[in-house]
Amino acid sequence: MKTPLKITSLISITIMLCLLGPAWLSASRPAARCINGFAEGSGPLSAVPFGLAPAPIVFGDIPGLLSSVVTGLETSGANGQGALHLTLHHTFVSTDPARPGSFTTDDTAVCAPAGTDPNVCHVNDVLQIVSGTGIFANADGSLRNHAILDLNSFTLTFSIRGRVCGDGL
């Protein structure tokens, strides 16, 4: 039963990456105006709105808070037993007083079952940066996220990496 779900998920991800083309691999700005970053962390989920409550991370060399809001949710599989398909907005806000600013993303995620517990799933998503302020003015780029969503403890453990460009970087 899990094999058809995995195959369907892999086909969906492959189609999505083909449609995005090479744009998701790198931003179109010179390196001097971009940062490559990697961050891992975890944080509590908020119930209203549903998403990651602001969690402290350091992206590149910029400390800040990362949060998300789920804007849409669909289930797949028989009786909703398969993957969850989410649309989200993420926001990163710099907490460095010398480099204030923020950026936001629009993205879609797939949350696939992780074992036998229906309240735990593996999240994979590509975050497209759509706007920014301050050092992230005219922001673009993309991030990739791999996470574990645990509704038993109402937490998200994530690993996010990618490239962010902005006028003030």
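Serine 159 has a relative accessible area of 18%, so it counts as buried, the cut-off being under 20%. This residue belongs to a predicted model. Serine 159 lies in strand E9. Strand E9 is part of an open sheet of nine strands with antiparallel pairing. The points below start from the sheet, then turn to side chains.

**The sheet**

- The strand order is E2-E1-E9-E8-E7-E6-E5-E4-E3.
- Strand E2 (51-52) and strand E3 (55-59) stand at the edges. Each has a single partner strand, so one side of each has no neighbour in the sheet.
- In a regular strand, side chains alternate between the two faces of the sheet.

**Strands E1 and E9**

- Strand E1 covers residues 34-46, and strand E9 covers residues 155-165.
- The two run antiparallel and are joined by 11 bridges.
- Cysteine 34 stands opposite cysteine 165 in E9.

- E7 and E8 run antiparallel, with nine bridges between them.
- Glutamine 128 has serine 142 in E8 as its bridge partner.
- Serine 142 also has a bridge partner in E9, namely arginine 163.
- E8 and E9 pair in the antiparallel sense, over 11 bridges.
- The hairpin of E7 and E8 has five residues between the strands. There, asparagine 138 takes a positive phi near 55 degrees.
- The hairpin of E8 and E9 has four residues between the strands. Phenylalanine 154 sits in that turn and has a positive phi of about 55 degrees.

- What does serine 159 touch, leaving out residues up to four places away in sequence? Its contacts are Phe38, Ala39, Glu40, Arg144, Asn145 and His146.
- Serine 159 and asparagine 124 are 35 residues apart in sequence. Their C-alpha atoms are 9.9 Å apart in space.
- Glycine 141 is placed in strand E8. Its relative accessibility is 13%, so glycine 141 counts as buried.
- Glycine 141 and cysteine 34 are 107 residues apart in sequence. In space, C-alpha to C-alpha, the distance is 8.6 Å.

**Aromatic pairs**

- The whole structure holds five aromatic pairs.
- One of them joins phenylalanine 103 and phenylalanine 136. The ring centres are 5.0 Å apart, and the planes make an angle of 75 degrees. That makes the pair edge-to-face, because the angle is over 60 degrees.
- This pair links distant parts of the chain, 33 residues apart. Phenylalanine 103 is in strand E6 (residues 101-113). Phenylalanine 136 is in the loop between strand E7 (120-134) and strand E8 (140-150).
- Phe59, Phe92, Phe103 and Phe136 make up one aromatic cluster.

**The nonpolar core**

- The largest nonpolar core has 30 residues.
- Which members touch the most other members? They are Phe92, Phe103, Phe136, Leu143, Phe158 and Val164.
- The elements giving two or more residues to this core are E1, E3, E4, E5, E6, E7, E8 and E9.
- Leaving out residues up to four places away in sequence, phenylalanine 103 touches His90, Thr91, Phe92, Ile129, Ser131, Gly132, Phe136, Ala139, Leu143 and Val164.

**Salt bridges**

- Side chains of opposite charge can pair when their charged atoms come close.
- How many salt bridges does the whole structure have? The search finds two.
- Arginine 99 forms a salt bridge with aspartate 61, with the closest N and O atoms 3.2 Å apart.
- This pair links distant parts of the chain, 38 residues apart. Arginine 99 is in the loop between strand E5 (84-94) and E6. Aspartate 61 is in the loop between E3 and strand E4 (62-75).
- Arginine 99 also meets aspartate 96 in a salt bridge, at 2.9 Å from N to O.
- Arginine 99 counts as partly exposed at 26% relative accessibility, whereas aspartate 96 counts as buried at 16%.

Conventions. Residues are numbered from 1 along each chain as its sequence is written. This is a predicted model: local features need pLDDT of at least 70, side-chain atom pairs count only at pLDDT 80 or more; totals for chains, interfaces and linings use all residues. Side-chain values use heavy atoms; hydrogens and water are left out. Rings of Phe, Tyr and Trp (its six-membered ring) pair if their centres lie within 6.5 Å; planes under 30 degrees apart count as stacked, over 60 as edge-to-face and the rest as tilted. Two strands pair if DSSP finds at least two bridges between them. A salt bridge is a side-chain nitrogen of Lys or Arg within 4 Å of a carboxyl oxygen of Asp or Glu. Buried means under 20% relative accessible area, exposed over 50%, partly exposed in between (1.4 Å probe, protein chains only). Contact means heavy atoms within 4.5 Å. A nonpolar core is a set of buried Ala, Val, Leu, Ile, Met, Phe, Trp, Tyr and Cys residues joined through side-chain atoms within 4.5 Å.
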